[in-house]
Amino acid sequence: MLVSEILAIKGKVLYTIAPGRSLAEAVAIMTEQDVGSLVVFDQGRMTGMLTFREVLGAVHAGGAKWQEMTVEQAMLRDPLAASPNMEMDELRRLMVDRHQRYLPVMDGSTLLGVVSFHDVAKAVLEEQSFENRMLKNYIRNWPTDSGEQN
């Protein structure tokens, strides 16, 4: 399965934010939209990624003034990105090796979406379920030899 197929299952709703926006605004967007990440774009170029991990780090570092911090101060800079033609196994390995639960999917400089570890797990389950149904169907319709006797 390709990353583009995972995006097709998930949908391609994009949530971005500018680096100069406040962290409080980013948290409000993440909460309202029920998303775990925002892709940070500055002048049409992806410059970072903000996830709940970075938000918690900023809350810890900023104390009571965390809401005044900017997205740029908290974001993961120049995050690793997946390509739409990347195989799911390669994507999983990349996410695990780099400890990134969210990966933006880029086609050149165009953001196509964000794939989460949850999306990958869901795609694996759907793929296994499909294979399971196909195997059961094959077994149920197993060809019998005309020369066999019961």
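How far apart are D89 and R92 in helix 5, counted in helical turns? The two are separated by about one helical turn, because they sit three residues apart in helix 5 (residues 88–98).

A word on the model itself. This is a predicted model, in which local features need pLDDT of at least 70 and side-chain atom pairs count only at pLDDT 80 or more, while totals for chains, interfaces and linings use all residues. Residues are numbered from 1 along each chain as its sequence is written, and side-chain values use heavy atoms, with hydrogens and water left out. Helices (H or I, at least four residues) and strands (E, at least two) are DSSP runs, numbered from the N terminus.

Back to the charged pairs: the structure holds four salt bridges. Among them is the one between E25 and R21, at 2.4 Å from N to O. E25 counts as partly exposed at 28% relative accessibility, and so does R21 at 39%. Another of them joins E72 to R77, with 3.9 Å between the closest N and O atoms; E72 is partly exposed too, at 38%.

Four strands make up an open sheet in the order 1-2-3-4, with mixed pairing. Strand 1 and strand 4 (76–77) stand at the edges with a single partner strand each, so one side of each has no neighbour in the sheet. Pairing requires that DSSP finds at least two bridges between two strands. Strand 1 (residues 16–17) runs parallel to strand 2 and is joined to it by two bridges, and T16 has V39 as its bridge partner in strand 2. Strand 2 and strand 3 run antiparallel, joined by six bridges, and V39 stands opposite M49 in strand 3. Helix 3 packs on this sheet, where it touches strand 3 and strand 4, and its direction makes about 70° with that of strand 3. As for strand 2 (residues 37–42), five of its six residues are buried, so the rest of the structure largely encloses it.

Helix 3 (residues 52–62) also packs against helix 2 (residues 23–33), at an angle of about 145° and with the axes 11 Å apart. Axes are lines fitted to C-alpha atoms, for helices over the stretch in contact, and angles run from 0 to 180 degrees between N-to-C directions. Helix 2 contributes L23, V27 and M30 to the contact, and helix 3 contributes F52, V55 and A58, where contact means heavy atoms within 4.5 Å.

R45 belongs to strand 3 (residues 45–51) and, neighbours within four places in sequence aside, is in contact with V40 and D78. Q100 lies in the loop between helix 5 and strand 5 (102–107) and is buried, with a relative accessible area of 11%. Beyond its neighbours within four places in sequence, Q100 is in contact with L76, P79, L80 and M95.

Note on methods. A salt bridge is a side-chain nitrogen of Lys or Arg within 4 Å of a carboxyl oxygen of Asp or Glu. Buried means under 20% relative accessible area, exposed over 50%, partly exposed in between (1.4 Å probe, protein chains only).
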